[in-house]
Amino acid sequence: MIPITGLQKKESIEREVVIVSNLPKHDNLVLPLPTKIYSDSYFYIIMPLCNGGSLQNEIISRSKPYSEDEIYYIFYELISGYKELYDKKILHLDIKPANIL
């Protein structure tokens, strides 16, 4: 749910949805479903359900440190997905453990 505060914000959200909707399918990118729902003050983006949780939740609930191989795997998967964005000249400005599923 994204609050809409004026025409400029709505156009910015629309632009982002078009960009994300046109990304190629990739195992490491979660793409929104092609559905747009508006109310008077909110824009809803429908995303597929990801049951695995976020990297943030995994870090918080983990009882032991990650091994070097585990860290390598996590970063490999992250960079693999980000490369798809980079190749399309798209910057993800909110990369954080809570947004990594």
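Is Asp94 buried, partly exposed or exposed?

Guide: This is a predicted model, and in it Asp94 counts as partly exposed, because its relative accessibility is 38% and the class runs between 20% and 50%. Asp94 forms a salt bridge with Lys96, and the closest N and O atoms of that pair are 3.7 Å apart. Lys96 is likewise partly exposed, with a relative accessible area of 38%. Elsewhere, salt bridges that share partners join Glu58, Arg62 and Glu70 into one network. A search of the whole structure finds four salt bridges.

Lys83 forms a salt bridge with Asp87, with 2.7 Å between the closest N and O atoms, and both residues lie in helix α3, which covers residues 68-87. They are four residues apart, about one turn of the helix. An α-helix has 3.6 residues a turn, so residues three or four places apart point the same way. Both partners count as partly exposed, Lys83 at 48% relative accessibility and Asp87 at 43%.

α3 has 20 residues and reaches 28 Å from its first C-alpha to its last, close to the 28 Å expected at 1.5 Å a residue. α3 is followed by Lys89, whose phi is positive, near 60°.

From the charged pairs we can turn to the nonpolar side chains. The largest nonpolar core is made up of five residues, namely Leu23, Leu29, Leu31, Leu85 and Ile90. In soluble globular proteins, nonpolar side chains tend to be buried together. Leu31, one of the members of this core, lies in the loop between α1 and β2, the latter covering residues 36-38. Leu31 is buried because its relative accessible area is 19%, and buried means under 20%. Once neighbours within four places in sequence are left aside, Leu31 is in contact with Val20, Leu23, Pro24, Lys25, Met47 and Pro48. Leu31 and Ser21 are 10 residues apart in sequence, and their C-alpha atoms are 6.7 Å apart in space.

Ser54 is found in the loop between β3, residues 42-45, and α2, and Ser54 counts as buried at 11% relative accessibility. Not counting residues up to four places away in sequence, Ser54 touches Pro97, Ala98, Ile100 and Leu101.

The last feature to consider is the empty space. Rolling a probe the size of a water molecule over the atoms shows where empty space is left. About 1400 Å³ of space lies in the largest pocket, which is lined by 39 residues. Of these lining residues, Asn28, Leu29, Val30, His92 and Asn99 lie nearest the centre of the pocket. The elements that give two or more residues to this lining are α1 (7-21), α2 (55-61) and α3. With seven residues, α3 gives the most to the lining of the largest pocket.

Conventions: Residues are numbered from 1 along each chain as its sequence is written. This is a predicted model: local features need pLDDT of at least 70, side-chain atom pairs count only at pLDDT 80 or more; totals for chains, interfaces and linings use all residues. Side-chain values use heavy atoms; hydrogens and water are left out. A salt bridge is a side-chain nitrogen of Lys or Arg within 4 Å of a carboxyl oxygen of Asp or Glu. Buried means under 20% relative accessible area, exposed over 50%, partly exposed in between (1.4 Å probe, protein chains only). The expected span of a helix is 1.5 Å times one less than its number of residues. A nonpolar core is a set of buried Ala, Val, Leu, Ile, Met, Phe, Trp, Tyr and Cys residues joined through side-chain atoms within 4.5 Å. Contact means heavy atoms within 4.5 Å. On a 1 Å grid over the protein atoms alone, a cavity is a set of points where a 1.4 Å probe fits but cannot get out, and a pocket is an open set with protein on both sides within 12 Å along at least five of seven lines; lining residues have an atom within 4 Å of a point. Grid points are joined across faces, edges and corners, and a volume is the space filled by probe spheres set on the points.
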